[in-house]
Amino acid sequence: MKNILLILFLSFQTSTIADPASYLNDLKAEMKKEWPKNRTINLVFHGHSVPAGYFKTPVVNTLEAYPYQVLRAMKAEYPFAVINIINTSIGGENSESGDKRFETEVLNHKPDVLFIDYALNDQGIGLERAKIAWEKMISIALKKEIKVILISPSPDQRVNILEVKNVLEQHTAQIRSISEKYGIGFVDSYRMFKQKVVSGEPITKYMSQVNHPNENGHELIANGIMRYF
């Protein structure tokens, strides 16, 4: 009887967001190995203009964008590691477009960790279509045993970040739900920016233009990602 109850309990359990402290334990162990036992680690950032490094359009500030801020922080943490930052992001793209080139332009890089950041531009296609595209990419990556970390949107100043259930907050909630469903990583950029505004700081302190963070804004996202490393 106890065994039956345990099976029933486990069948109704839901997945949860991956624990930042342990999700990448195997990879962190790899990055501590010294030559010649080490190997190259590939971090792939897939998304739109923000991870691509667009600040005030048309300037692309690659080295201050969050993928390269992450690289700097990781090299301080893992001095023996060979780490490739591979950026497959395209300015103006949404997740449907990202899905179409996912197998040919993303998986070909053999990511150890895949980061997905499309919600800002997914405002244009809506929640339902975005969910389909995100889940297609995630499902394919997980079948290949790739670790996946989803990133909620950075601000768009045309959207009131303090408005309850605004469009970006809805996308954030959906991304969190997808992370829980698949038991993968989640970096809540949106919450971090919102907390700054709630604490009294102007959002402009973290933005280079209406919908692109500046170096300070990218640092917030990088710090959220580094919780996993």
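**Entry 1: aromatic rings**

I looked up Phe45 and Tyr66 and found that both are buried, where buried means under 20% relative accessible area, exposed over 50% and partly exposed in between, with a 1.4 Å probe and protein chains only. Phe193 and Tyr206 form an aromatic pair that is edge-to-face, with 6.4 Å centre to centre and 90 degrees between the planes; rings of Phe, Tyr and Trp (its six-membered ring) pair if their centres lie within 6.5 Å, and planes under 30 degrees apart count as stacked, over 60 as edge-to-face and the rest as tilted. Phe193 lies in helix H10 and Tyr206 in the loop between H10 and strand S6 (207-209), so the pair ties together parts that are 13 residues apart in sequence. I noted that Phe193 and Tyr206 are both buried.

I searched the whole structure for aromatic pairs and got four. Among them is the edge-to-face pair of Phe45 and Tyr66, at 5.9 Å centre to centre and 70 degrees between the planes. This pair links distant parts of the chain, with Phe45 in strand S1 and Tyr66 in helix H4 (residues 66-77), 21 residues apart. Phe45, Tyr66 and Phe115 form one aromatic cluster.

**Entry 2: basis of the values**

I am working with a predicted model, in which local features need pLDDT of at least 70 and side-chain atom pairs count only at pLDDT 80 or more, while totals for chains, interfaces and linings use all residues. Residues are numbered from 1 along each chain as its sequence is written, and side-chain values use heavy atoms, with hydrogens and water left out. Helices (H or I, at least four residues) and strands (E, at least two) are DSSP runs, numbered from the N terminus.

**Entry 3: strand S3**

Strand S1 (residues 40-47) runs parallel to S3 and is joined to it by five bridges, with Gly47 standing opposite Asp117. S3 and S4 also run parallel, joined by four bridges, and Val148 in S4 is the bridge partner of Leu114.

**Entry 4: helix H10**

I returned to the helix of Phe193 and listed Ser189, Tyr190, Met192, Phe193 and Val197 as buried in H10 (residues 189-198). They cover an arc of only 170 degrees around the axis, which puts them on the same side of H10; the arc is that of the directions from the helix axis to the C-beta atoms. The buried residues of H10 pack against elements including strand S4 (147-151), helix H9 (167-182) and helix H11 (215-226), contact meaning heavy atoms within 4.5 Å. After H10 comes Gly200, whose phi is positive, near 105 degrees.

**Entry 5: salt bridges**

I counted 16 salt bridges in the structure, each a side-chain nitrogen of Lys or Arg within 4 Å of a carboxyl oxygen of Asp or Glu. In one of them, the closest N and O atoms of Lys136 and Asp99 are 2.9 Å apart. That pair links distant parts of the chain, Lys136 in helix H8 (residues 126-143) and Asp99 in helix H5 (residues 95-100), 37 residues apart. Lys136 is partly exposed at 43% relative accessible area, whereas Asp99 is buried at 14%.

Note on methods
Pairing = 2+ DSSP bridges.
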